[in-house]
Every structure is written in C-alpha cells, then in structure tokens.
Amino acid sequence: MKPIAVAITCLLAASAVAAEPDPARADAVVAVRTPRPIALDGRLDEEEWAAAPAYSRFVESFPNPGLPASFRTEVRVLYDDAMVYVGVICFDPQPGAVVRQLARRDTDTTADRVEVAIDSGGGGRTAYVFTVNAAGVLRDQLVYADVNTTDSWDAVWDAAVADDARGWSVELAIPLRQLRFSSAPEQQWGFVVRRHVPRTHQVFGTVLVPREANPLNPGNLVVSRFGRLEGLSELAPPRGLELLPYVAARATVRPQYSDPSRPDPRLVDPLVDVGLDLKSPLGSGLTLTGAINPDFGQVESDQVIQNLQNSEPFFPEKRPFFMEGLDVFEPVGSEYGAQQQLFYSRRIGLDAPILGAAKVTGSVRRGLELGVLDSVVMGAGNAALVPLGYGNPDPAALAPVEQDPDRSWRFRLRQPFRLGPENALPSAHPVSTNYFAAVARQRLGGRATAGAMFTAATPLEPRCRRREFATEDDYRAAGCASRGSNALGLDLTVPGDWGGFAQVEASQAVGGPEGGRTLRDGTVLRAGDLGFGGHMRWGKLGGEPWRFEVQYLYEDAKLDLNDVGYQPLSDFQWVDLVGRYVRPNGFGPFHSFSADSTLDVNWDADGKMARSLNWWTSAKLQLPGYEELRVRLNVEHPQWDTREIARSGIAFERTGHWYVTASLASDPHRELQGKVEVVYFRTMDEGPFGPSSGWSGSLTGSWRPHPRLETKLEAGYEHKPQGPRWLETLADGTAVFGVQDPRFVSVTLRQQLVFTPRLSAQLYAQAFSSAIRWGDTFYGASVTGRRRVSWADLAPVPYAGDPASHDATVNLNAVVRWEYRLGSTLYVVYTRSQSELPARDGDVPSGLGSPDLFRGRAVDTFLVKWSWWRGG
C-alpha cells in the first residue's frame with residue numbers, strides 16, 4: 001500500500017499547481033424570461049424570440065480550430081418557471097444538402113445536428129447534453145468528471161425542427177426538473193451550443209473547445225471550457241413527482257425439460273409483471289429515483305463471446321434504471337479500463353429479480369456530489385424441483401418432476417408483482433440480498449476532486465434451510481451460510497495537462513462457509529478477512545505533442561470486490577511507463593496523428609515473483625479523406641499465472657506470444673462506411689511447444705440507403721493458439737495440460753427502420769459458433785509441494801479425457817418502440833435464443849459448422865410492455 005499512499009500524497013501536492021484556473025470565457029449568452037410558454041414547431045417566429053438577444057459569434061472547432069464559423073448560426077434562450085427554451089437557426093448555403101437521417105431516440109447519427117450542453121450547477125464538472133438532428137431525432141447525454149461522456153442519463157424533454165430556404169432551425173424545451181441547480185436568486189450556468197455539419201466534417205461552437213483539451217476523446221465536450229448562460233433569475237429548484245408505471249405481458253415458449261439433449265416437448269409459460277419507476281427532486285440539488293419490480297425485457301441481449309481467459313469478462317450496463325445516474329458511481333479511471341471497480345451494477349439482479357431499488361444523486365452544495373443506491377433482490381424458486389439455495393441441479397435428477405409440471409398460479413410474497421405458473425420459477429432458490437452503494441466527491445482547488453465510496457452486499461437469508469437437514473453437522477457440512485462483502489474506497493482526481501488520479505480501497509469478507517472459500521488463485525478467504533488495493537495514473541496527460549505517464553496498480557491476495565464490484569485479478573501489482581506523441585489538430589494533409597509506447601512490468605503483491613514483462617506500441621492516423629488507419633504491436637513474455645491451475649495457488653508459466661494488428665476505417669460520415677481489422681498472432685518457441693501461428697479478422701459495415709433505414713453488420717473470425725492450458729488435477733497430484741487450439745466465428749446484424757422519430761423498429765441478431773480442439777498429446781507435472789510449474793516441467797502423460805468442445809448459438813431480438821406521448825412508451829418485443837443439440841457419444845464437431853444448431857434447445861419470448869409517464 002505504500003506506493004499508492006505516496007502517489008496520493010504527490011497528487012495532493014500537485015493539485016495546487018497542476019489544477020488549471022478557469023480559462024477565459026467568450027461573451028455570455030443572455031437568457032430572457034418569457035411571459036408565456038413557447039409552442040414548439042421549430043420556427044422561431046413568436047414575438048418572444050425577438051426579445052431574446054441572438055448569439056452568433058460561433059467559432060470552428062474542427063477541422064480548422066479557431067477560425068470564425070463559415071456557416072452562420074444564431075442561438076436564443078428563453079425561460080420561465082418550468083422550462084428553458086433554446087432556439088437555434090442553422091443557416092446553410094445549400095439547404096438541399098442538409099443530412100436528415102432518421103433514427104431511434106438516443107441513437108448517434110451522422111446527420112446535421114445541434115448540441116446544447118448545460119452545466120446548471122456551475123461547477124465546471126458535470127453537464128447535461130441535449131442533441132437534436134435535422135430530422136428531429138432526440139438524444140440526451142451526461143458529461144461527468146469534466147471530459148467523460150455517457151448515454152446513461154435519460155430525461156423527458158421535447159424539441160421540434162423546421163426547414164426553410166435559409167437552412168433549418170430547431171426549438172428545444174428543457175424542463176427545469178431535469179436539471180440540478182441552486183436556489184440562488186441569480187443563476188450563472190455553464191453553457192455551450194455546437195453545430196455539426198457532416199458533409200464538410202465541420203464543428204462550430206459558441207466557444208472554442210480545443211481537441212487537445214480532451215485527451216481521451218479529442219473533439220468531445222469539456223465542461224470546464226464552457227461559456228456562460230446569464231440572465232437567469234428568481235428560479236426555484238423544481239418540485240413534483242414523475243411517475244412511470246408499466247404493465248408487461250409475456251409468453252415464453254421453452255423446452256419442458258432442463259436437459260439440453262431434450263429440446264422437445266415445449267411449454268408455454270405466460271407471465272404478467274407490473275411495476276413503477278419514479279423520480280422526484282429533493283431540495284436544491286438532489287434527485288430521488290426509484291423502481292419497483294423493474295422490467296428490462298426490451299433491452300438488447302449481451303453479445304456472445306469466446307472467453308479463453310481465467311477471469312470474468314466485463315459487460316456494459318444496458319438497463320435503464322441503472323444507466324441513469326451511473327456516472328456518479330463510476331470509479332476514477334474507469335475510462336481507461338479500471339481493474340478495480342467498487343460498484344459494478346451488473347451484479348444486481350444477476351441471480352434473482354429486483355424487488356425494489358432507489359437511489360439519490362446530485363449535490364447538496366456547490367462542488368459536492370453525492371450518490372446513494374440501495375437495491376433488494378428477492379426471487380422464488382420452484383419448491384417442487386429443489387429445496388436448497390444456489391446451484392444448478394443435475395438435469396437427470398429434475399426430469400421426474402419436470403415430467404408432470406405444476407401449472408398452477410400462486411401468489412408469492414417474494415415476487416408480489418409477478419404472476420405466472422409455478423413451473424416457470426427457476427429450479428434453484430435464489431438468496432435474497434441487499435446491495436448498497438454510497439459515494440461523495442468534493443471539488444477542491446482548481447478542478448481537482450476528492451471522493452469516497454462505500455459498497456456492501458448483505459445476504460438476507462442463508463442459502464438453505466435448517467429444517468431440511470437431519471443434524472446440525474449435516475447443515476454445516478452443506479455450506480449453507482450465505483456470503484457478502486463490504487468495500488471502502490478513497491479517490492483523488494487532478495485533471496489538466498499535468499495531473500492524474502489515484503484510488504485506494506479495502507474489502508472485508510462477510511459470512512460464507514466456516515472454513516472459508518477458496519478463490520481462483522488459491523487464496524482462502526474467511527469471514528472478516530480484509531484486503532487492500534489501489535491504482536493510480538499520473539503524468540502529462542494533455543497538451544501536445546509530447547505526453548508521458550506512469551500507471552501503478554496494487555491488489556493483495558485477499559482483496560475481493562466482486563460481490564458488488566468488478567476485479568478480474570488479485571495478488572497482483574504492475575507498473576506501466578507510457579510515452580505518447582500526439583497531434584490532435586493534425587499536420588500537413590492529415591487531420592490527426594497519435595503514437596504511443598508502453599512498457600508493462602508485473603509482480604505478485606509481495607514483489608517476490610515477477611509475473612510478466614510486456615511491451616506494446618501503436619499509432620493512429622486520420623487521412624486526408626477522413627479515413628482512420630491504426631497499427632499496433634504487442635509482445636508478452638513470460639507470463640506466470642496463479643489462476644491457471646485453479647484454486648491451487650501454484651504459478652504456471654504460460655506460453656509467451658506476440659501479435660500485430662492493423663485496421664482501416666472509412667469516413668464515418670458516408671452513407672456506406674466500414675472498418676476492417678486484421679490481427680496476426682504467434683506463440684513463442686518454448687521446449688516441446690514449438691511456435692504456432694493464428695490470425696483473426698473483423699469487418700464492420702454500416703449502410704444508410706434511405707433516411708429511414710440503417711443496416712449494421714459485424715463479422716469476425718479468430719484462431720488464436722494458446723499453447724498448454726490446464727485441464728484438471730488428478731487425485732495423485734498430477735496437473736494435466738493440453739495444447740489448446742480454439743476458433744470462433746461471429747456474425748451480428750443490427751437493422752433499424754424508423755417511421756418517425758417516435759416510432760421505430762429494430763432487429764438484433766447474432767450467430768455465433770466456437771470450437772476448441774486439443775492436441776493429440778497431453779502433458780502433466782506433479783504439483784505437490786510446488787509454488788511454480790514451468791512449461792519445461794511438463795512431460796507427456798496418458799489421459800483418457802476428451803476436453804474438445806463445440807458451441808453454436810443464435811440470439812434474436814426484435815423491438816418495435818412507439819413513444820405514443822411524451823415520456824410514455826409501448827414496446828412490442830420478440831426474442832429467441834437457439835442453441836445447438838449437444839454432441840452424442842463424444843462426437844464433437846471439429847469445425848465451426850453446426851448441423852444440429854436448429855435442432856437444439858430454443859426459447860422464444862413474446863412481450864408487450866406499456867408504460868405511461870406522468871410529470872408532477
């Protein structure tokens with residue numbers, strides 16, 4: 001922990017000198033109070049608009065930063081006690097060339113569009129972004145921590161567009177209840193309006209936001225660089241309650257038996273859910289958001305992947321309740337792929353449905369952000385199938401009960417808002433658990449912030465019931481104690497050209513079996529055990545052309561954040577030394593260029609064992625035609641992995657490798673665009689495991705033949721030889737390894753048809769097939785009394801097992817979305833999950849084809865979900 005403590009001390013000292021003062025602002029946009037509401041039609045022809053001064057001093061941000069805007073744009077702002085109205089006139093010398101691309105709400109488009117970003121708190125850190133394109137498609141986003149942008153924030157607001165001989169214009173009506181601001185009699189908000197013209201690639205704004213000001217995503221918004229919105233007075237923080245009740249009726253057609261080799265016969269399980277989402281302002285800066293029995297049946301399914309690692313993959317959050325306000329709970333450094341997240345919302349509802357959840361987010365005073373979330377998951381299991389808690393029973397043991405399914409409907413207190421037949425309940429009784437997260441971040445001098453976060457997963461019941469065991473010894477032997485955890489983190493962020501961030505955290509194991517539980521790397525974690533960790537990043541992160549940084553991560557063997565957060569590794573520390581050369585504004589005919597090189601050194605937590613030495617370098621160039629070319633070279637060797645021989649604590653020397661990547665992406669503003677990427681992979685020559693080669697390729701394409709139609713296609717293939725991988729450890733202490741040779745192919749289609757900005761149809765389909773073959777020779781090494789096993793220790797051994805595997809699936813999701821009134825939506829959804837029929841008699845297909853794909857297990861679901869929004 002000492003290196004992290006030193007890092008935080010350095011950052012605290014640096015905050016006084018590294019935090020930049022507020023930059024000089026351009027002339028402010030002045031808002032005028034309107035005596036009556038504005039009727040939205042996209043035309044600024046009401047007399048109230050004439051009373052508002054027009055701001056037209058736009059400046060170009062890209063591709064020629066600092067030049068006066070070549071397309072005239074005018075902005076006016078009105079307000080009353082309920083709304084802020086923003087009117088924008090976009091003059092265009094070629095009105096017929098304006099790109100009017102229709103899309104589903106909250107979809108990024110390459111159409112002409114206007115962004116209105118408001119920092120109503122005035123803290124220079126968080127902003128609400130409202131975007132309208134020339135076809136009237138709405139999108140809202142949140143900018144947090146000054147430079148990070150997320151689509152997670154959703155608001156109820158409205159806009160209208162209109163066309164004329166001058167170009168096009170837009171009126172936005174933004175309810176004050178969607179913004180957080182103080183009760184000061186005179187308001188001064190951060191404010192910027194940007195206009196995007198895709199046919200010329202130009203971006204104009206009310207103030208200049210240099211591309212180099214956002215090191216992560218050049219060209220994106222930077223809150224601390226906003227201009228000002230003045231003239232707002234006598235505004236009271238809004239009150240009122242927003243309610244969004246829903247009813248969801250679904251019919252699921254599924255196999256009667258859980259045995260995957262018995263796809264027929266099939267049953268129809270009807271289910272009815274009712275629930276409620278709510279939102280209400282609390283005081284001058286806080287917002288309460290709640291959900292009772294939230295349903296996410298309209299959300300697109302996760303993409304199927306082939307995971308060859310011995311750690312958990314990370315999936316992004318897609319569920320609306322958790323996405324809104326998620327920025328407050330994001331850990332520092334998450335934009336760089338943080339490996340230590342105290343809060344990972346995908347944990348909630350993973351094993352059991354969510355009964356209820358509530359969160360409070362916002363600020364109680366200028367510069368102090370708060371977030372508190374609490375959620376209870378509680379589900380019922382089918383008592384006829386299994387009386388115990390976790391676990392998936394053997395399908396053969398369930399077959400006798402499944403032969404005569406219980407089709408009766410019963411009210412269950414655990415799931416009071418869901419009605420359906422008894423046999424539709426899961427075979428395993430889920431453990432009710434309370435999930436809690438709280439975070440506070442205070443702005444310090446300049447733009448630096450310090451924060452604290454606490455998370456907890458608290459089981460509300462044991463995994464199984466005492467009455468189901470004959471003796472107390474039998475009950476204890478079954479390991480019925482549920483487990484949870486607590487975690488606490490402290491963080492510091494110093495943004496700017498010179499700056500960085502740091503976080504330290506501690507975890508505490510709660511409950512679990514009396515003897516403890518063994519983690520993947522062999523660590524035994526008992527109730528009350530404490531673990532510690534942290535990570536930091538510091539250096540010259542902005543400016544041009546040279547940047548450099550140092551990254552450090554530490555996590556001891558008993559740090560475990562995975563009950564509420566995300567932590568793929570443990571007993572680990574690394575140091576990265578990174579150098580970059582960047583030209584975000586380009587040079588000569590090129591629009592931008594960047595190159596970087598990283599040296600990565602890893603050890604175990606106590607520093608006694610070197611894990612690996614890795615090096616990679618990459619470059620990115622935007623060509624004169626706005627195509628983007630990328631190349632990357634990685635070298636990783638050696639690799640001592642304590643997670644490979646599961647739960648042994650023995651480090652195994654994985655085969656080193658290197659690979660080179662090249663990709664080319666077309667101009668993203670074209671009707672037909674695409675990206676191709678090719679990777680050549682090669683393992684190193686080590687003993688009996690000679691070098692082997694593989695490759696992967698991916699092709700992504702997007703076609704917009706009509707303003708209402710868009711097709712996206714993603715296709716990928718990978719063959720990545722792994723060298724020796726662990727299979728099992730025999731009773732005599734011999735660890736068995738095989739040479740793993742995996743392949744997969746995936747094709748994903750996203751089809752969008754938009755009738756109006758409020759009525760759209762979307763299709764998602766993925767076909768995925770993977771095959772893992774193993775060499776003819778298997779290898780073994782005794783692991784008794786050893787701390788390490790090298791590839792040189794392996795010798796051929798007889799092995800009767802056949803670890804070959806094959807998997808093929810098709811997932812389909814079709815959604816019709818109709819926003820029939822503002823904030824109220826009707827969804828009609830069809831989903832299908834199809835898997836291949838398991839191999840018979842060990843006859844596993846060797847290729848990627850699957851003749852038995854459409855003969856296997858399939859689950860079809862039909863859903864109609866109706867919601868009705870009412871604002872107070």
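Visitor: What makes lysine 865 count as a charge over the ring of tyrosine 246?
Guide: Lysine 865 lies over the face of tyrosine 246, at 5.0 Å from the ring centre. A charge sits over a ring if NZ of Lys or CZ of Arg is within 6 Å of the ring centre and within 35 degrees of the ring normal, and 5.0 Å meets the distance limit. The charged end of lysine 720 likewise sits over the ring of tyrosine 659, 6.0 Å from its centre. This is a predicted model, in which local features need pLDDT of at least 70 and side-chain atom pairs count only at pLDDT 80 or more, while totals for chains, interfaces and linings use all residues. Residues are numbered from 1 along each chain as its sequence is written, and side-chain values use heavy atoms, with hydrogens and water left out.

Visitor: Why is the pair of phenylalanine 130 and tryptophan 157 called edge-to-face?
Guide: Rings of Phe, Tyr and Trp (its six-membered ring) pair if their centres lie within 6.5 Å; planes under 30 degrees apart count as stacked, over 60 as edge-to-face and the rest as tilted. Here the centres are 5.1 Å apart and the planes stand at 80°, so the pair is edge-to-face. The structure holds 27 aromatic pairs. Ring pairs also link Trp546, Tyr581, Phe587, Phe590 and Phe593 into a cluster.

Visitor: Which parts of the chain does the pair of phenylalanine 130 and tryptophan 157 tie together?
Guide: Phenylalanine 130 lies in strand β6 (residues 127–133) and tryptophan 157 in the loop between β8 (148–150) and β9 (158–164), so parts 27 residues apart in sequence are tied together. Strands here are DSSP runs (E, at least two residues), numbered from the N terminus.

Visitor: How do you know that β9 and strand β10 pair?
Guide: Two strands pair if DSSP finds at least two bridges between them. Valine 161 has valine 170 in β10 as its bridge partner, and a hairpin joins β9 to β10 through two residues.

Visitor: What makes arginine 517 and aspartate 560 a salt bridge?
Guide: A salt bridge is a side-chain nitrogen of Lys or Arg within 4 Å of a carboxyl oxygen of Asp or Glu. The side chains of arginine 517 and aspartate 560 meet at 2.6 Å, N to O, so the pair qualifies. Arginine 517 is in strand β24 (residues 517–518) and aspartate 560 in the loop between β27 (546–555) and β28 (572–583), 43 residues apart. A search of the whole structure finds 48 salt bridges.

Visitor: Does arginine 517 count as buried or exposed, and why?
Guide: Buried means under 20% relative accessible area, exposed over 50%, and partly exposed in between (1.4 Å probe, protein chains only). Arginine 517, at 19%, counts as buried, and aspartate 560, at 9%, does too.

Visitor: What of arginine 580 and aspartate 596?
Guide: Their side chains meet in a salt bridge at 3.9 Å, N to O, which is within the limit. Arginine 580 lies in strand β28 and aspartate 596 in strand β29 (residues 592–603), so the bridge ties together parts 16 residues apart in sequence. Arginine 580 is at 23% relative accessibility and counts as partly exposed, whereas aspartate 596, at 17%, counts as buried. Salt bridges that share partners join Arg250, Asp273, Asp295, Arg418 and Lys865 into one network.

Visitor: How do you know that glycine 539 is buried?
Guide: The relative accessible area of glycine 539 is 0%, so the residue is buried. Glycine 539 lies in strand β26. Between glycine 539 and aspartate 497 there are 8.3 Å, C-alpha to C-alpha, although they are 42 residues apart in sequence.

Visitor: What is noted about the phi of histidine 201?
Guide: Most residues other than glycine have a negative phi, and most peptide bonds are trans. Histidine 201 has a positive phi of about 65° although it is not a glycine. Its place is in the loop between β11 (186–197) and β12 (202–205), and at 11% relative accessible area histidine 201 is buried. Aspartate 106 also has a positive phi, near 70°, but is partly exposed at 25%.

Visitor: Which omega goes with the cis peptide bond from phenylalanine 62 to proline 63?
Guide: That bond has omega near 5°, and proline 63 is in the loop between β2 (59–62) and β3 (73–79). The bond from aspartate 264 to proline 265 is cis too, with omega near 0°.

Note on methods
Helices (H or I, at least four residues) and strands (E, at least two) are DSSP runs, numbered from the N terminus.
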